[in-house]
Amino acid sequence: MGLFVLGINHKECPVEIREKLHFSPEKIYPVLNQVKMHPRISECVILSTCNRVELYAATPLSLSLEEDLLALMENAHGIKAETFLPYVYRFADKAAIRHLFRVASGLDSLVIGENEILGQVREAFRLANETGSVNAMLYRLFEKSLKVGKDVRTRTKINQGAVSIPSVAVELAEKIYGRLDGEKVMVLGTGEMSTLTMKNLIDAGAEIVYVVSRQREKGEKVGLEFGAEWLAMDSWEEKLPLVDILIGSTAAPHPVVTYDCVKNAMAKRRHRPLFIIDIAVPRDVESQVNSLDDVYVYNVDDLKGVASSNLKIRRAEITEAEELTDKAVEDYRAWMEQLKSRPTLNDFERFLDCVLDDEFSRGLKDTGADEKKIQAVKHRIRSRLLNPTYEKIKEASHNGGVMRYLEALRSLFNLDKKD
Amino acid sequence: MTLTLSQTLLTANVFFFGLAFFVHLASFYEKISLRGHSLALLCMRIGFLIGTFYFIAEAVRLGFFLPVVSASQAMAFFAWSLAFIYLTLIMSVQSESFGIILTPILTFFVAGALFMSGSDRIPDKALIEPVLLNPLFEIHIVGAFFAYANFALSFAAGILYLIQARELKLRHTGRFYHKLPSLEKLEKIIYQPLFWGVPLLGAAIFSGLVWSRLSFQATAIGNPKTLMTVITAILYTAILYFRYGRVVRGRKIIILNVIAFATVIFGFIGLQWIQNGAHYTMYLPK
């Protein structure tokens with residue numbers, strides 16, 4: 001009985017190889033169905049994201065599944081193993097359990113503590129469960145990994161604070177306006193970063209109302225995508241008092257948002273706070289603008305500064321998160337040990353039942369003793385012998401040494417004897 | 001030394017408010033689990049209940065309820081009204097950072113009440129001037145206390161607003177940035193108590209004037225304390241008008257709110273000290 005994981009991830013493997021080994025859901029189904037007929041693999045889950053491809057497998061036999069899993073990868077993608085072998089990592093048993101728990105907790109992610117991975121683990125588990133390629137071992141393992149992932153995020157600050165520029169912009173907006181609820185946004189320029197920031201702001205509840213662009217066609221196209229109105233570069237200033245968040249991302253070589261323009265807008269806004277996100281390089285906003293009361297200006301460096309400070313907080317939580325995952329690994333390993341002890345304990349129970357049946361039928365023959373009473377006595381003897389045994393095995397499953405007890409049981413009571 | 005029932009209740013009150021402060025502090029600096037805020041809130045609620053028992057016990061013992069007959073009771077009553085407003089009126093916007101500011105204030109006032117309780121001499125009901133037991137005077141006192149408690153809460157929220165605004169302005173995302181609520185939420189905590197405080201202060205001024213007219217055939221309108229209170233009421237009314245009349249909002253108005261509270265402190269404590277006693281005593285027989 002063993003657990004294996006074989007995979008590649010963002011740490012070592014270049015994206016060109018990762019994308020070749022990616023399993024889409026359509027590709028996962030046939031592979032998992034194929035695994036169900038496999039002579040050595042009894043259970044399998046495929047976790048495939050943009051940062052990692054991992055095959056989790058269980059076997060009832062005491063052998064390594066490395067060759068089998070490599071062959072699965074090769075066959076599924078039609079790529080020779082030599083191509084990706086240098087980047088492959090493999091873990092067995094306790095290390096495999098630990099790896100999955102760390103992955104689910106976001107400890108192995110590119111951005112520590114990110115939340116998406118937990119959903120991706122859940123989805124991988126769902127697909128495998130749907131295909132019927134998981135059984136007791138991996139079912140329990142993935143169920144536990146989801147719980148660990150959730151626990152780590154609630155009991156530590158591993159996922160606290162935004163760490164990407166668009167999400168930092170949203171976090172800051174929420175620190176000013178609370179939960180975004182229709183806060184109006186104006187965007188100067190239509191760059192890739194501003195589009196990403198707009199998407200994040202919309203997801204958080206803001207409303208994009210104006211897209212300002214020199215090129216009317218492009219501006220209207222972006223405006224249509226976000227349900228916003230296009231404004232020409234010479235007419236946005238009069239609309240500034242109407243918005244709460246201004247994103248600057250033009251390619252202009254000089255600042256387009258001036259001190260006087262914002263000062264006038266603030267007077268018209270009656271000093272309702274204004275949040276300006278300047279993601280343009282060179283900057284779109286004059287640096288003196290931040291000196292105005294109730295105006296909060298953040299340029300790219302400021303946003304990066306917030307992101308890195310949040311990342312520091314996350315990093316400080318790693319030790320506690322690792323402790324939580326290590327404890328969960330021990331719990332799962334103990335459960336596995338107990339699972340391994342099941343056949344021996346079943347044999348011991350059967351042996352005990354035979355002895356009790358023999359002795360009671362022989363000793364109490366013709367005494368006319370009440371059958372109910374005999375059964376009750378048998379039950380009591382059985383409990384007194386079995387309960388301490390179970391307790392010892394349970395205890396040993398946490399401290400190690402289950403096998404020693406099992407071997408002792410088998411040898412002392414000759415449990416291997418077939419008759 | 002044996003403690004009276006009142007002193008025992010005040011001691012327990014100090015203990016629970018103090019405990020709430022330490023739990024808030026430990027939670028703020030992450031020395032205890034994330035549920036620290038709830039535990040601190042529970043301590044505060046227990047403290048508040050003990051405070052309520054204290055006033056009931058005192059009213060039963062003395063046969064009247066007038067929390068200004070001694071400095072000890074006045075301090076305890078101010079703390080009680082602060083806790084009452086925090087736990088009831090602004091329950092929805094409670095935050096951990098707010099508790100950390102409020103609980104030491106509560107502890108300070110109740111500890112002061114306990115300290116003074118030994119030397120305070122509360123006169124018997126028979127010796128109390130009958131005019132002080134007039135319901136109008138009680139409305140005046142209770143209204144003023146609750147109004148000032150509302151202003152104190154608004155002031156504390158104003159300070160937190162200025163801290164958070166500064167953090168955002170300086171792009172300093174430290175502990176306060178993470179722990180303090182958004183500016184919008186803090187604004188709510190600033191203005192919500194004012195909605196209660198301004199009418200209550202108005203009621204206190206009006207009932208005080210009517211009471212002095214009925215009791216002494218004189219209105220205390222020229223009294224410095226009354227004048228200061230009227231100025232305070234005008235300032236807070238102006239703040240509400242600026243904010244909700246959409247005249248101006250943001251940092252400047254919050255600073256005005258902080259200044260307005262300075263007039264409360266001056267009117268409540270400063271003048272009392274200058275005048276050597278509560279302002280109503282000038283009408284009482286020497």
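Author: Arg272(A) sits in the loop between helix H11 (259–268) and strand E9 (274–278) of chain A; helices (H or I, at least four residues) and strands (E, at least two) are DSSP runs, numbered from the N terminus. The model is predicted: local features need pLDDT of at least 70, side-chain atom pairs count only at pLDDT 80 or more, and totals for chains, interfaces and linings use all residues. Residues are numbered from 1 along each chain as its sequence is written, chains are lettered from A and ligands numbered from 1 in the order written, and side-chain values use heavy atoms, without hydrogens and water.

Arg272(A) has a relative accessible area of 17%. It therefore counts as buried (under 20%; exposed is over 50%, partly exposed in between; 1.4 Å probe, protein chains only). Leaving out residues up to four places away in sequence, Arg272(A) touches Tyr177(A), Glu183(A), Asp244(A) and Met266(A), and also Glu184(B) and Arg249(B). Contact means heavy atoms within 4.5 Å.

Now the wider interface. In contact are 28 residues of chain A and 23 residues of chain B. The two chains bury about 2200 Å² between them, 45% of it on carbon and sulfur atoms. Buried area is the accessible area (1.4 Å probe) that two parts lose on being put together, summed over both. Lys175(A), Arg270(A) and Tyr296(A) supply 28% of the area that chain A buries against chain B, more than any other three residues.

Across this interface there are 4 salt bridges (a side-chain nitrogen of Lys or Arg within 4 Å of a carboxyl oxygen of Asp or Glu). Asp293(A) and Arg251(B) form a salt bridge through their side chains, at 3.0 Å, N to O.
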